[in-house]
Each structure stands twice: as structure tokens, then as C-alpha cells.
Amino acid sequence: MREAIAEALSTDVLASSNPRVGCVIVDSSGVIVGRGHHRGSGTAHAEIAALADAGDLALGATAVVTLEPCRHTGRTGPCTQALINAGIARVVYGVDDPGDVSAGGAEVLRDAGIDVVAGVEADEARWAARAWFHSLSHDRPLVTLKTAVSLDGRVADATGGPTPITGPAARAFAHEWRAQVDAIVVGTGTALQDDPSLTARPERHAGDVRQPLRVVVGRSNLPEGARVLDDSAPTLLYQDHDVHALLADLHRRDVQHLLVEGGPTLAAAFMDAGVVDEVLWFVAPILLGDGPVAMASLTHPAPVNVRRVTVVGEDVVVEGVMDVHGHR
């Protein structure tokens, strides 16, 4: 299942209204003979891609998939029928499909005589497709707030300008995250001060990366030569400061996962709007002594449930989920 989850998180997945799903085909001796993941609307589902990769070796094998195989015909055929036709003997999946028409695949497979096991690594499988689940239930993108700070909480030195904070390993880690999202947003202040490109440049996937939509919020004009306006990725200039309106607009554009990389003002705006779902916090072993802090003043404290703490190179990365019920 962990191999299937890794497939689901492959960085060539296209932005779409569909979930990230991964699948591996395992023969009777436990060897993976096929791999596949869903690349976006209209493309083969993970199970179909894995079956194609396995070929005749799928007969009598086990399909391990992160999401319950679908039973409906949409832009592609039902995965349940493809698994039945391929002679799959057993299906193991992580999390149930909540869709009105796509759910129920497990029952179809059992009725066809296939052994079905559900709920394996369910939390991690759901995490891989969490943006899709969130978009379905909230009608807006999942929002991850990302920042990099010094030990004393600064995002830049006293000049306020671009300040290298994290090391190369952490920067590479951040690019892996960028490659997983559908859009990245900054304010015009950050765009003018730092001149970021806001592209995903993960080292392990050079040449096959789907670039996220670059979003710049604010009314200030950007110079013609700004890197965020080049042709390396699409860019949306959004002059309305209403965070909820922005998220509604992005939802209509099939953006499921938004990474907020703006400065303290934009970060606080998203926090006060109550729409930050996750935090991705990089802490570097450096003291700056002066300079802007990570976030402007908030109207109330915002507790975070820490999901994972990782040492990446010389830096520490904290991944957390906002605690909507917590108070401090």
C-alpha cells in the first residue's frame, strides 16, 4: 500500500477535479509486477494504468489501490470491470470512495468472486487524496500555509529583502511540495520584493513536472520583466483582496490544493479568514536578530496539530493540521 501511495503522489499528476490515486499489481510471490497512477481527468485511472503495466501477469494477482475502485462509467470505463476482466484474484484498497455514483466498487468486486480487503493504511491513503476529499466537502481548495523562518522567527533580515534562510536540502523538499499542489499564491509585495518564479523544480522529476498555477494577489502593478510573468507556468493576477472570493474562483478553475507562500500580511489574511487547513513550517538554524516576522497580527490564537516533524539537511520541517476545535 505504501508503494501505491507513493504512486498516487507522483509529481506528473495533472490538476483536475479527480483524486490522486495509485495502484500496484502484486503477484502470488509478493513481487510488484505493475504500477500506475491517475494523471488527471480523461486519462486512465490508476488501476487501468497498473493493469496495462502488468499485462498477462495480472491474472491471479492482487491489486493494491489507495482508493476503492470505481464502478461507474464517466470519461473512462469502470475500474471494477477492468479488474474483473484482467482476472485479478484479490483487491486491497485504502479508503472508501465517497462519490454518489462511483462508490460501491467493493461490492461489485465481491459479487464477481474477488476477495476484497478494505481500510489498509487508510489514513495515509486518505492523506494522499486529501485535497480531493476536502474539495468535495468544502467546495474550496485545501489551503496549506508554507513559510521558512529563522530560530528567532524571522522570514528576512533587517533589510526586508530576499534572505536565504533554509539550506539546499530543505529547498529541494519545498520544490517537491510545490510539484504536489495545483496553485501557489503570493502577494504583490512578495512578488515585487523577491521576484520569485514560483515554479516547481523537484530534482528527482526533472523534465516531467506539471507546473502549478501562479497566483499574485494585490493591486500593485508588476514590472514586465517579473519572473512570475514569464512563460514557464500559467499566472493569475488577482486584484480582489477577498480571500473567500479568491478560493471560490480557484475552485471553479479545478484547483484542489493551494500553497500560500506569501509574506506576513497574506499569511495573516488567510489565517484570519479561517481557511488555512495545514501548515508547512521550515525552521532554519540561524538567528537574524531583526527583520519581519512570519505573520502579521492575528485576531485570535490558532492551534496546530503537528502531524510530522522531519529533519531535512540542517533544517527542521514541521507539518501540521489546523486544530479547528482547539483553544489556547
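Of the 328 residues of the protein, 49% count as buried, that is, under 20% relative accessible area with a 1.4 Å probe and protein chains only. The model is predicted, so local features need pLDDT of at least 70 and side-chain atom pairs count only at pLDDT 80 or more, while totals for chains, interfaces and linings use all residues. Residues are numbered from 1 along each chain as its sequence is written, and side-chain values use heavy atoms, leaving out hydrogens and water.

The fold holds 10 helices and 13 strands (DSSP runs, numbered from the N terminus: H or I of at least four residues for helices, E of at least two for strands). The radius of gyration, taken over C-alpha atoms, is 21 Å, close to the 20 Å of the globule rule for 328 residues, so the protein is as compact as a globular protein of that length; the rule is 2.2 Å times the number of residues to the power 0.38.

Beyond its neighbours within four places in sequence, Leu-51 is in contact (heavy atoms within 4.5 Å) with Ile-25, Ala-58, Ala-82, Leu-83, Ala-86 and Ile-88.

Terms used
Buried < 20%, exposed > 50% of the residue type's maximum accessible area, 1.4 Å probe, protein only.
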